[in-house]
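Good morning, colleagues. Please turn to the sequence and structure now being shown; I shall speak briefly about aromatic side chains.

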Amino acid sequence: MTRDSLAQAKAAHPAKDHPEQSYADALKQGLSQAMELDAGVIVIGQLVDYAPGVFGSTTGLAERFGADRVRDFPVAESAMTALGIGAAIAGMRPVLVHHRLDFMLYSIDAIVNWLSLWRFKSNGQSSAPVTIRAIVGRGWGQGPQHSKSLHAWFAHVPGLKVAMPATAFDAKGLLLESVFGQDPVLMIEHRSLFGLKDRVPELPYRVRFGRAVVRRAGDHATLAAAGNMVPFALRVAAQLAEQGVSAEVVDLRTVAPLDHETVCRSVAKTGRLVVLDPAWLSFGMAAELVARVAERQGRSLKADPLRICHPDSHTPMSSALETVYYPREADAAKKIRAMVA
Amino acid sequence: MGSITHEALLKAGPYRDVKVSKAEAGLAKELYRFMLRLRLCEEALAREYHPADEMRCPVHFCVGQEAVPAALSVLLDSEDYLYCHHRSHGYYLAKSSPMDALFAELYGKSTGANAGLAGSQDISYHANRFYSGAILAGATAIAAGTALALQMAKTDRVAVAGFGEAATDEGIFWETVNYAALAKLPLVLVCENNNYSVFSPQLKRTSVDNIAERVRSFGMESTAIFGNDAMQVHRTLKEAVERARHGGGATFVEAYTYRWSGHYGPASDDLVGYRAAEDLEAWKRNCPLTLLRAALQQAGSLTDAEDAALTKGFEDEIAASFHFAKSSPFPVAPDWHPLNLATATPQADRLLADVEAGDFDAHQELVQAKGY
């Protein structure tokens, strides 16, 4: 498919004609189209070729593209990631899939010591465009080994891109952008988003890195959120609206690069910054964003910045404790109201 | 050779089995030329390293370990991939990468193979499909990934990973062996067993010194050899490379050898007391270069005059490489961003459409308010 034929396809199918798709289906369609567009695209991960298909995101791909291109892998994440690097160096476009990000941590050496610096140490002669999909769990007692996001770790390392799509549209567009980009990408997908539906273009399209988007316009406070905190922020904004507080919600979409410009523009209007980050409070993405805004326009803030994050504690199993561990919308709304008052 | 170990090799004493037949004279000479060039190169670098201190990066010299790179230099063509460990210079030259860019890299110059970003232990030469790295066990799996790509492209190219025996202490090595055997990848894993992880000997780290046997138990072709007999190393690796080229799957080759210098730098680190002086002397008597030179001379295929002419030629090349490196400019302060991330996305530009997000997800507050 060329760009022209893509443009034609787009013109022939205006947005309203595109069906609603779930986040999981959008991921599956993105993978499927990537595999059609380039024979070098392969999907590797545990159980990717079975019917459940990693929560529906790879279902049917093995039947369609064969076991060679949709590879179940031994329980050896470390080698799996390094294999992806080696395949990418030789020109392929591997997509690696982890049911939980926590398992991916076996491959920290491959990601940090090899993948992130491959381009750098070859002085730009060689690159390794590997896409790593890692899913983060929450609820039903996922506990401390099935719920870590750790996007800030990877965003801290030069040479890696980190995406956190919050919508089905972004899930497909960022996935395709990752697969056909030139850099390694960690795409962190929150399990709770997989059932969310919205209109998704049927053609293969891109969502570029480092371009945050305003999901809801408002005047009194900027709510900058990533991943599953975007729907959270939107619900909080809806609550606040009922109480006369107008909140603007910025979906960061990617954590590395982090689009602080869009956040700064919003804060220039609202004068107040709230960062909603689905991760531990300390040393996280929220701190980075607060720092960047403060460096740029700290003196113009009308209130001290606010971070809404997880406590500095591992995730409990018990549902009673989960309820108090994760941020609650009513609490967030209350804090933001106090900030605006 | 049945149960080859470092202990058994020391006990066996001087090696006398290097054989060069008439038909092999050309090959033997090629291996000899490679090893002589590498040895002279390493010795010259070692002399310049201190006290000049102009090469300001860790250098792991490979004096005594020339045979494996020599064999690979004649077995791999330009389309094959070679990954190796931090003791990289032999492998770099085995892929016909230029000596002057190697020297310039060690001096941190802009004309270096990686413009001074990598140095000795991370050097690569992408045009020739050569890569190295200091956290070395990971490269075995990276090579397997390249082998997977070559297999899927249905080529007869191969990927080779060179590493030391300590890399087999790491879990990723065994994950790689398992998958390469399972998927019958066109991969050659060549382990230079020099017995030491820096100072720590193999039998202090593992209860048995039978790596090749363990690899075989994973279902991979596997063999252990005396690694300073360049002819035998070549025969063994040739079989492995051809097996990989013709769909026969992966092979593990364990080449027993010994490093003469300290772990890094040209100076001896024997004052640490981790190895016996007589062991080093015994291995020096089994020098790969000396052994092959003697066999060539015995076969009447190398005269003293020829040997001297070869030496002179390489010394001139080395002098020219030093001159190139020393007279090249240092890199200037770069823009860091494009060194770490791509500045263009040609494939995405070609394949993907830009669509207006607003056309599709303008009503996220309604969609997402439903939540989970």
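**Aromatic rings and their neighbours**

Let me begin with Lys161(A), whose charged end sits over the ring of Phe209(A) at 5.1 Å from the ring centre. Please bear in mind that this is a predicted model. In chain B, the charged end of Lys109(B) is likewise placed over a ring, that of Phe330(B), 4.8 Å from its centre.

I turn now to rings that pair with one another. Over all chains, the count comes to 26 aromatic pairs. One of them joins Trp114(A) and Trp118(A): the ring centres are 6.3 Å apart and the planes stand at 40°, so this pair is tilted.

A second pair, in chain B, is formed by Tyr258(B) and Trp283(B); it is stacked, with 5.4 Å from centre to centre and 5° between the planes. Where do the two residues of this pair lie? Tyr258(B) is in the loop between β9 (251-256) and α11 (277-285) of chain B, while Trp283(B) belongs to helix α11 itself, so the pair ties together parts that are 25 residues apart in sequence. Tyr258(B) is buried at 2% relative accessibility, and Trp283(B) is buried with a relative accessible area of 3%.

Finally, Tyr258(B) and Trp283(B) belong to one aromatic cluster together with Tyr15(B), Tyr196(B), Phe199(B), Phe226(B) and Tyr274(B). Thank you for your attention.

Key: Residues are numbered from 1 along each chain as its sequence is written. Chains are lettered from A and ligands numbered from 1 in the order in which they are written. This is a predicted model: local features need pLDDT of at least 70, side-chain atom pairs count only at pLDDT 80 or more; totals for chains, interfaces and linings use all residues. Side-chain values use heavy atoms; hydrogens and water are left out. Rings of Phe, Tyr and Trp (its six-membered ring) pair if their centres lie within 6.5 Å; planes under 30 degrees apart count as stacked, over 60 as edge-to-face and the rest as tilted. Helices (H or I, at least four residues) and strands (E, at least two) are DSSP runs, numbered from the N terminus. Buried means under 20% relative accessible area, exposed over 50%, partly exposed in between (1.4 Å probe, protein chains only). A charge sits over a ring if NZ of Lys or CZ of Arg is within 6 Å of the ring centre and within 35 degrees of the ring normal.
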